[in-house]
Amino acid sequence: MKKFGNIEVAWVLDEIAALLEIKGEDIFKIRAYQRAARAIENLDVDITDLFRQKKLNGISGVGKNIAAKLEELLSTGRLIYLEKLRGEIPPGLVEMMNVPGVGPKMARTFYEKLGISSLKELEDAARGKKIRSLPGMGSKTELNILRGIEMLKSGGRGRITLGLAWTVADSLLNFLRSLPWVVDAETAGSTRRMKEAIGDIDIVVGTEEPEKVAEVFIKHPQVKEVLAHGSTKISVLLKFGVQVDLRLVRPDEFWTALHHFTGSKEHNVRLRERAHKIGIKINEYGLFKTDSDERIPVSGEEDIYTALGLAYIPPELREDRGEVFAAEEGRLPHVIGYDDMKGDLHLHSNWSDGVNSIEQIVEQAKKMGYEYIAITDHSRSLGIARGLSTERLTEQQEVINALQKEEAIHILTGVEADILANGDMDYPDEILAEKDVVIGSIHSGFRQDKEKITERIISAIKNEHVDIIAHPTGRLIGRRDPYEVDMDRIFEMAAKYNTVLEINSSPDRLDLNDLYVRQAKEMGIKIAINTDAHEVIRMNEIRYGIGTARRGWLEEEDVINTWDYDKLRRFLKNR
Ligand SMILES: [Zn+2]
Ligand SMILES: [Zn+2]
């Protein structure tokens with residue numbers, strides 16, 4: 001008979017909850033299974049012991065009905081109820097949930113509203129632009145679905161976006177940290193360094209019981225295939241089509257292992273050179289004095305840098321781009337932190353092609369602790385994105401002004417105005433002048449020649465009403481190359497006219513990229529880190545923009561939306 005640990009029992013209950021959600025069952029019933037799953041996951045005693053002592057009823061969060069199911073599961077190794085549920089639901093709907101971002105609720109909506117019951121049908125619907133008409137979904141949902149299906153097909157051989165890498169890593173870390181044998185667990189590799197595209201996901205775990213961790217890890221419901229199973233390294237392929245490498249190390253080796261597997265390789269080479277000079281040996285197992293082989297105690301990554309006589313170098317900077325030299329000289333930048341943003345200056349509401357109302361955006365911004373936001377819907381020429389006519393734009397401004405009276409958070413009125421093919425902005429100057437924030441963007445005519453497209457952006461930079469140039473190179477990572485544009489000229493003119501350039505935080509864009517960001521900083525250009533979110537949930541993607549900013553060595557002074565409201569307003573007025 002199959003033996004169930006607490007984690008596996010929790011997974012069974014989670015599966016029931018997901019299947020019930022696909023069926024559209026009562027939300028309280030679904031929650032009850034989820035609550036019981038979390039309670040059992042967090043038990044500090046073995047559930048089979050409780051079962052033997054007939055104490056299942058005593059677990060808080062587990063009601064009578066669920067306790068009876070647990071008894072059946074633990075005594076027979078099966079659960080008829082679960083098997084019945086599995087039989088009632090088209091297998092295609094369950095398979096759909098392997099597409100990153102598609103949960104039971106979405107799968108059900110696809111089934112109910114569009115009759116979709118297989119991955120193939122889902123793909124066709126997304127290609128046919130049918131998903132965007134569903135409640136709460138937009139064109140980005142379609143893009144994510146297509147991208148997700150592509151990944152499933154590639155079987156872990158392609159690169160994935162930083163956004164997906166962190167979604168997967170966060171959920172695995174949560175799970176690993178809940179295991180009693182795990183002392184520390186962190187993401188390493190290029191994910192931790194916030195690179196724009198990720199191959200495999202690396203996770204380092206500090207534990208005295210590597211076999212136990214390994215044994216549960218390979219049974220995780222997301223694992224499709226175990227690719228390698230050694231005593232310190234396990235590689236798995238997830239159902240998402242992503243490969244994860246798990247390193248199991250002793251707790252006293254954790255920090256040097258984390259540092260080693262975070263890389264980059266080139267950064268580690270530089271550090272080893274420096275260590276060698278001062279009689280220290282550094283590798284994944286620890287930090288040692290070269291002459292005596294004595295271990296130097298390390299209880300955090302900071303200790304590694306301190307031992308080498310260096311200021312702490314954050315992971316995003318470890319690319320051998322001069323950071324070790326800067327640390328030696330005490331010239332390392334104080335890069336912005338992940339909690340430093342005071343607002344988001346590029347957001348779409350349901351006035352244009354966004355999913356949520358301005359009120360919902362305001363709520364999310366408050367949850368995130370922001371001091372201000374800007375509502376910047378699309379301009380009139382962008383028909384496919386329901387761009388706003390001048391009348392609608394004025395109407396929206398009145399709505400925002402009224403809402404502002406009730407809200408403490410500052411709601412800046414703005415617009416994302418198209419830079420037209422001839423370089424004109426999509427609204428006359430007197431309209432732009434009324435806005436707190438004007439973003440200039442190219443959304444069409446990508447195929448113009450280099451000179452034309454460069455001049456087009458420069459005329460927007462020169463327009464005194466245009467504050468920010470959004471996604472300056474127009475690239476979509478892995479799908480569309482940057483347009484032909486002379487970035488040196490763009491930087492030169494942005495510096496001259498004090499026009500802000502954007503880091504668009506969407507993991508599909510990350511535009512400007514890290515290298516351009518650093519070049520812009522060196523030229524004294526100000527940067528805005530925005531999400532361009534078309535649904536409030538994606539306002540959380542700001543972390544990827546911040547990661548890119550850190551890779552570009554940006555400090556608070558460089559990023560206008562780390563400033564408080566008064567300073568930002570003064571800047572926008574006077575620039
Ligand atoms: Zn745009
Ligand atoms: Zn936008």
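The second largest cavity of this predicted model has a volume of about 30 Å³. A cavity here is a set of points on a 1 Å grid over the protein atoms alone where a 1.4 Å probe fits but cannot get out, and lining residues have an atom within 4 Å of a point. Volume is the space filled by probe spheres set on the points, which are joined across faces, edges and corners. The structure holds 2 cavities of 30 Å³ or more.

Local features need pLDDT of at least 70 and side-chain atom pairs pLDDT 80 or more, while totals for chains, interfaces and linings use all residues. Residues are numbered from 1 along each chain as written, chains are lettered from A and ligands numbered from 1 in the order written, and side-chain values use heavy atoms, without hydrogens and water.

**Second largest cavity**

- Its lining consists of Gly138, Ser139, Lys140, Asp353, Val355, His534 and Glu535.
- At least three lining residues come from each of domain 1 (6-154) and domain 4 (343-574), with bounds from an automatic or database domain assignment.
- The lining comprises 1 nonpolar, 3 polar and 3 charged residues; Ala, Val, Leu, Ile, Met, Phe, Trp, Tyr, Cys and Pro count as nonpolar, Asp, Glu, Lys and Arg as charged, and the others, Gly among them, as polar.

**Largest cavity**

- The largest cavity, with a volume of about 60 Å³, is lined by Thr256, His259, His260, Asn268, Leu271, Arg272, Ile282, Asn283 and Glu284.
- Two or more of these residues come from each of α13 (254-262), α14 (265-277) and β8 (280-283); helices (H or I, at least four residues) and strands (E, at least two) are DSSP runs numbered from the N terminus.
- This lining divides into 2 nonpolar, 5 polar and 2 charged residues.

**Zinc site**

- His346 (NE2), His348 (NE2), Glu416 (OE) and Asp532 (OD) coordinate the zinc ion (ligand 2) at 2.1 to 2.2 Å; donors are N, O and S atoms within 2.8 Å of the metal (3.2 Å for Na, K and Ca), and sites may look incomplete because water is not among the atoms.
- Glu416 coordinates both the zinc ion (ligand 2) and the zinc ion (ligand 1), which are 3.3 Å apart.
- His346 lies in strand β10 (residues 343-347) and Asp532 in the loop between β16 (527-530) and α23 (542-551), so the pair ties together parts 186 residues apart in sequence.

Key
On a 1 Å grid over the protein atoms alone, a cavity is a set of points where a 1.4 Å probe fits but cannot get out, and a pocket is an open set with protein on both sides within 12 Å along at least five of seven lines; lining residues have an atom within 4 Å of a point.
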